[in-house]
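Dear colleague,

I am handing over the structure below, and after it I set out what was found, with the cut-offs stated where each term is used. Please read the notes beside the coordinates.

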There are 2 protein chains.
Amino acid sequence: MTSGMTQAIALAHEAARAGEVPVGAVVTGPDGAILAQAYNHVETWQDPSAHAEMLAMRQAVALRGGQKLGDCTLFVTLEPCPMCAAAITHFRVGRVVFGAYDPKGGGMEHGPRVPYRPETLHKPEVIGGVREQECAALLKDFFTALRHQKNTDKL
Amino acid sequence: MTSGMTQAIALAHEAARAGEVPVGAVVTGPDGAILAQAYNHVETWQDPSAHAEMLAMRQAVALRGGQKLGDCTLFVTLEPCPMCAAAITHFRVGRVVFGAYDPKGGGMEHGPRVPYRPETLHKPEVIGGVREQECAALLKDFFTALRHQKNTDKL
């Protein structure tokens, strides 16, 4: 069985090929089987809220029924932003496993640190830095190529 | 022309009739005309992320094209939660006008106070407490009726 993070990384590569910031997300059920998966669709849909993890969580509850993912794990290649970190608490995700840390835009271990706030009622288990180098390299390569493309366009 | 907040309150009443937590949201354009509007669909769609303001912002960019709402005002009857407060910065909403304050679940003037954080790149203008009593009474009445219903069900 493909692990959640392996599939999330594959989705992030797919995102890059689609011209999206390469972030992939997977929701697995209590048995570890993949329930839902998505990559960023911000550019494709022109929707700033269409982050990979938001789409995967929405898909997971739609498939399972109910509104809660307490017995599920969300795998995502980048530390969720504050919007997604707060959404994770709304969906009551049991465990979040993420790849690269995001000191500027992250909302789990940086910024508002949503899971650790006193007013956050549902606090997921958080495991950060899983296959961190690989997930971070994916993003770095994407932005380097984008900058190169922009510079070439100027010539 | 119906003001943004008047229409947001009308939508919140519609939400209550649909069995949703009564919150309504409206996005107006630079001329003050209503671009998009929505009420909570969390229960109807069984989607914990289907908050009124999230739906209204998504609808507004879909109708206008692009991803930014810098020249727009978001009217919402309740202080946005951290998820929506962070989404507001992703959509780069120019101005947010909200009704009731939400000390427990709010993310603008409470909790993470998203618009005032140093790492928040886009900081909307925020005006809270507009028709506060009316917006708060709507929520209070809804939850009182819900508790009454639950107690009656127990008999």
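This is a predicted model: local features need pLDDT of at least 70, side-chain atom pairs count only at pLDDT 80 or more; totals for chains, interfaces and linings use all residues.

For the complex, the predictor gives an ipTM of 0.95 and a pTM of 0.95.

As to conventions, residues are numbered from 1 along each chain as its sequence is written, while chains are lettered from A and ligands numbered from 1 in the order in which they are written. Local features need pLDDT of at least 70 and side-chain atom pairs count only at pLDDT 80 or more, whereas totals for chains, interfaces and linings use all residues, and side-chain values use heavy atoms, with hydrogens and water left out.

I begin with the fold of chain A. Its helices (H or I, at least four residues) and strands (E, at least two) are DSSP runs, numbered from the N terminus, and two strands are taken to pair if DSSP finds at least two bridges between them. On that basis, chain A has an open sheet of five strands in the order E2-E1-E3-E4-E5, with mixed pairing. Strand E2 (34-39) and strand E5 (125-127) of chain A are the edge strands, each pairing on one side only. From one strand to the next the twist averages 15°, where axes are lines fitted to C-alpha atoms (for helices over the stretch in contact) and angles run from 0 to 180 degrees between N-to-C directions.

Within that sheet, strand E1 (residues 24-28) of chain A pairs with E2(A) in the antiparallel sense over five bridges; A:Gly24 stands opposite A:Tyr39 in E2(A), and A:Val26 stands opposite A:Gln37. The hairpin of E1(A) and E2(A) has five residues between the strands, and there A:Gly32 takes a positive phi near 90°.

Helix H1 (residues 4-17) of chain A lies across E1, E2, strand E3 (73-78) and strand E4 (95-100) of chain A, running at about 150° to E1(A). Helix H5 (residues 132-154) of chain A packs on the sheet as well, touching E3 and E4 of chain A (contact means heavy atoms within 4.5 Å), and its direction makes about 60° with that of E4(A).

In chain B, five strands form an open sheet in the order E2-E1-E3-E4-E5, with mixed pairing. Strand E2 (34-39) and strand E5 (125-127) of chain B stand at the edges with a single partner strand each, so one side of each is left without a neighbour in the sheet. Strand E1 (residues 24-28) of chain B and E2(B) pair in the antiparallel sense over five bridges, and the bridge partner of B:Thr28 in E2(B) is B:Ile34. H3(B) lies across E1, E2 and strand E3 (73-78) of chain B, running at about 150° to E2(B).

Turning to the interface, 24 residues of chain B are in contact with 24 residues of chain A. The two chains bury about 2000 Å² between them, 60% of it on carbon and sulfur atoms, buried area being the accessible area (1.4 Å probe) that two parts lose on being put together, summed over both. In chain B, B:Pro48, B:Gln67 and B:His90 lose the most area to chain A, together 29% of what that side buries.

Across this interface the rule finds two salt bridges, each defined as a side-chain nitrogen of Lys or Arg within 4 Å of a carboxyl oxygen of Asp or Glu. A:Arg58 forms a salt bridge with B:Asp47, the closest N and O atoms being 3.4 Å apart. The elements that give two or more residues to the side of chain B that touches chain A are helix H2 (42-45), helix H3 (52-64) and helix H4 (82-90) of chain B, and H4(B) gives the most, with five residues.

The side chains of A:Asp47 and B:Arg58 also meet in a salt bridge (3.4 Å, N to O). A:Asp47 lies in the loop between helix H2 (42-45) and helix H3 (52-64) of chain A and B:Arg58 in helix H3 of chain B, so the pair joins two chains.

With best regards
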